[in-house]
Amino acid sequence: MNPTGLLLVMLAVPGGVYDTPAPAGAPRLAFYLPDNTCPFSIKDGVAEPIPFKSFDTRFGALGNIANPKAIGDAKNDRLAILKRLAARGSRATTPEQAAGMAAEQIRLNNLDAALNTLAPFTRAEPGDFRVLINQAHAFASRNDWDAAIRFHEQAVLGRPGFPREIPGIKPDQLAWLQTVEKRYYTKWLAIHRLNTVSKPNPETDVPFPLFGDMKFVNAEGAYEPGKLAPDERKKLPPDAIAIVQQLLLWSPGDTSLYWLLGELYAAEGSFEEAKTIFDRCVDTRQFSNRKLLKEHRAVLAETLANQPKPAAPSPPPQPDPWAGLPSKRTVYIILGAFAPIAMLLVIFQLRALRKRIARKPTGS
């Protein structure tokens, strides 16, 4: 994983870097970041994925803030972070302030500065959850997986443990995030530590194995976008896409995990979204040597090319010049009713005319 890509997720949630909300009455912008929110809606313990366009925007921003040559919104975000850090000074005086400063520094990829900010507060007893989890994330950003796992376990399983509440996050969201934290982020760390010992072979590499040994194949064992064998689907949690989205917000530089997200979209029939991710993995994220990824991308491109073209929209209906006029039947009824009356009127007029002519004196 590229350490420069592991940046701060813009959420006060576990597994990533924690922003620190200010206590009541504290000068929020002078010392702390604003309260954050969780972008996932939870129903019966299952998270709805973030719509792709919204996720793509959020995900892209995380990868650009650390770039000193960032432009547009990323540049504005970067300048705002630098301004906040300058206002806080160089030293933190409380665990909350240290966690907030380190969050900003990790977002800028200033990992040494983040670790130095957190170090004086990591030995406190009991530990501060936000300090420890940010420390774990900073070490993961440096590919120091042993240290990352040690601080992560201390943050989640030690004292004080996972927090019961975080400002800006609803209880059902927090419960879901705790599950993602303990079940999937822990596994993400362990797999990366294992990969430092046995590096993946590009010829045989597969998407990040977050869900075990599952394969993206149909019932016949072949790769077919939009089709997933029932036995393979059983290996996925119902909110697999949301889980991977959250992990990517915590670790946006992980291309293998990004590849997994593309496979999940393809399996669900979201071909355009999957193609976008596959293209980025191959073209801009240096995964052009992953044989399986390129094969899947080719099949997906063919699937998209063979899809029926959407029918051309029908031209808008032209206004009927006769609209609003009575029907023929109604006209015939009206004529049938009024024609005799009209004939009688004509006869009366003719008789009256005859009488006037008869009374008119004749000339001599």
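Biologist: At what angle do helix 11 and helix 12 pack, and how far apart are their axes?

Modeller: This is a predicted model, and in it helix 11 (residues 255-267) packs against helix 12 (residues 271-283) at about 155°, with the axes 7 Å apart. An angle over 145 degrees counts as roughly antiparallel. Helix 11 and helix 12 are therefore roughly antiparallel to each other. Their crossing is left-handed.

Biologist: Which residues of helix 11 and helix 12 make the contact?

Modeller: From helix 11 come T255, Y258, W259, L261, G262, E263, Y265 and A266. Helix 12 contributes F271, E273, A274, I277, F278, R280 and C281. Sorted by class, this contact has 10 nonpolar, two polar and three charged residues.

Biologist: How do the axes of helix 6 and helix 7 cross?

Modeller: The axes of helix 6 (residues 129-141) and helix 7 (residues 145-157) come within 8 Å and cross at roughly 160°. The two helices are therefore roughly antiparallel to each other. Helix 6 passes helix 7 in a left-handed crossing. On the helix 6 side the contact is made by F129, L132, I133, Q135, A136, F139 and A140. On the helix 7 side it is made by W145, A147, A148, F151, H152, Q154, A155 and V156.

Biologist: How many nonpolar, polar and charged residues are in the contact of helix 6 with helix 7?

Modeller: There are 12 nonpolar and three polar residues, and no charged ones.

Biologist: What is the angle between helix 3 and helix 4?

Modeller: Helix 3 (residues 72-88) and helix 4 (residues 95-107) pack at about 145°, with their axes 10 Å apart. The crossing of this pair is left-handed. I81, R84, L85 and R88 of helix 3 meet Q97, G100, M101, E104, Q105 and R107 of helix 4. The contact of helix 3 with helix 4 has three nonpolar, three polar and four charged residues.

Biologist: Which residues does a cis peptide bond join?

Modeller: The cis bond joins E125 and P126, with omega about 0°. P126 lies in the loop between helix 5 (111-118) and helix 6.

Biologist: How is empty space found, and where is it left?

Modeller: Rolling a probe the size of a water molecule over the atoms shows where empty space is left. For this model, a search of the whole structure finds one cavity of 30 Å³ or more. The largest cavity holds about 40 Å³ of space.

Biologist: Which residues line the largest cavity?

Modeller: The lining consists of F216, V217, Y223, E224, P225, G226, K227, L228, E263, A266 and A267. By class, it divides into seven nonpolar, one polar and three charged residues. E263 and A266 are among the lining residues, and both also belong to the helix 11 side of the contact with helix 12.

Terms used
Residues are numbered from 1 along each chain as its sequence is written. This is a predicted model: local features need pLDDT of at least 70, side-chain atom pairs count only at pLDDT 80 or more; totals for chains, interfaces and linings use all residues. Side-chain values use heavy atoms; hydrogens and water are left out. Axes are lines fitted to C-alpha atoms, for helices over the stretch in contact, and angles run from 0 to 180 degrees between N-to-C directions. Helices (H or I, at least four residues) and strands (E, at least two) are DSSP runs, numbered from the N terminus. Angles under 35 degrees count as roughly parallel, over 145 as roughly antiparallel, 65 to 115 as roughly perpendicular and the rest as oblique. A crossing is left-handed if the near helix is turned anticlockwise from the far one by less than a right angle, and right-handed if clockwise. Contact means heavy atoms within 4.5 Å. Ala, Val, Leu, Ile, Met, Phe, Trp, Tyr, Cys and Pro count as nonpolar, Asp, Glu, Lys and Arg as charged, and the others, Gly among them, as polar. On a 1 Å grid over the protein atoms alone, a cavity is a set of points where a 1.4 Å probe fits but cannot get out, and a pocket is an open set with protein on both sides within 12 Å along at least five of seven lines; lining residues have an atom within 4 Å of a point. Grid points are joined across faces, edges and corners, and a volume is the space filled by probe spheres set on the points.
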